[in-house]
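Please examine the sequence and the three-dimensional structure shown below. A short report then follows.

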Amino acid sequence: MPTEGDPTTLVKTAHLIILSTSWGMQIWVSFISGFVLINSISRHTFGLVQSSLFPYYLYSVLGGSFLNLALYALYHPHELLNSDEAIQITSFFVCVIFSALNAQWFGHTTTEIMFKMQEIEKEHHLGQEVGFGTNRESYKKLKKKDSKYQKLSQRFTKYHGITMVCNLICVICNGLNLFYTATNLKTF
């Protein structure tokens, strides 16, 4: 129900490219690249790579979400929304909020804590092992022995969990929007 007519082909194309690129990037970063990297490079190198890539990733998701919300809202005034359109615009809005929180606070805080933990780990000759869960006993001993490390580990787990939940919410929101966009295609 657009206000000034239907969106142009260019607007529709831009919307679909931004949405599908953002969702594809989310799937790759969330479910593939991290698992490949953690099993291929050392723990500290993995942390360094993630700390370099994630700000770009998080702000890309935020930018894509904002652009999609703006484009969608432009052609779908809230007073004329049907239930499917209301779900879509709400999903775009939720994704903007959670990606902003992730990009601005949670992701940054998680990285800061990780680097503090790595300093302590280096002092104890940890962090060069390759593979998820490798050398777990040494990390458990370090937590028992060093209360500062234990507190950092607890904070890291908390913020990493929040970051993961925010990211998953955005993946679901963009996946939902792709579903609704696909169901509204006139031809295939």
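## Basis of the model

The structure is a predicted model, in which local features need pLDDT of at least 70, side-chain atom pairs count only at pLDDT 80 or more, and totals for chains, interfaces and linings use all residues. Residues are numbered from 1 along each chain as its sequence is written, and side-chain values use heavy atoms, with hydrogens and water left out.

## Helix H1

Helix H1 comprises the 30 residues 9-38; helices are DSSP runs (H or I, at least four residues), numbered from the N terminus. At 1.5 Å a residue, H1 should span 44 Å, and the 42 Å between its end C-alpha atoms agrees with this. The expected span is 1.5 Å times one less than the number of residues.

Several residues of H1 are buried (under 20% relative accessible area, with a 1.4 Å probe and protein chains only). Among them are Val 11, His 15, Leu 19, Ser 22, Gln 26 and Val 29. An α-helix has 3.6 residues a turn, so residues three or four places apart point the same way. The buried residues of H1 pack against helix H2 (43-75), helix H3 (83-123) and helix H5 (147-183).

## The largest pocket

A pocket is an open set of points on a 1 Å grid over the protein atoms alone, where a 1.4 Å probe fits, with protein on both sides within 12 Å along at least five of seven lines; its lining residues have an atom within 4 Å of a point. The largest pocket holds about 1,500 Å³ of space, a volume being the space filled by probe spheres set on the grid points, which are joined across faces, edges and corners.

Its lining consists of 45 residues, and Phe 46, Phe 132, Phe 156, His 160 and Met 164 lie nearest the centre. H1, H2, H3, helix H4 (136-145) and H5 each supply at least two lining residues, and H2 gives the most, with 11. By class, the lining has 19 nonpolar, 20 polar and six charged residues. Here Ala, Val, Leu, Ile, Met, Phe, Trp, Tyr, Cys and Pro count as nonpolar, Asp, Glu, Lys and Arg as charged, and the others, Gly among them, as polar.

## The second largest pocket

The second largest pocket contains about 820 Å³ of space. It is lined by 22 residues, of which Pro 7, Lys 12, His 76, Thr 181 and Asn 184 are the closest to its centre. H1, H2 and H3 are the elements that give two or more residues to this lining. The largest share, six residues, comes from H1.

Asn 68 is found in helix H2 and counts as buried at 1% relative accessibility. Leaving aside neighbours within four places in sequence, Asn 68 is in contact (heavy atoms within 4.5 Å) with His 15, Ile 18, Leu 19 and Phe 92.

Val 96 belongs to helix H3 and is buried at 12% relative accessibility. The C-alpha atoms of Val 96 and Asn 68 are separated by 9.4 Å, although the two residues are 28 residues apart along the chain. Gln 118 also lies in helix H3 and is buried, with a relative accessible area of 7%. Leaving aside neighbours within four places in sequence, Gln 118 is in contact with Arg 43, His 44 and Gly 47.

Key: Buried means under 20% relative accessible area, exposed over 50%, partly exposed in between (1.4 Å probe, protein chains only).
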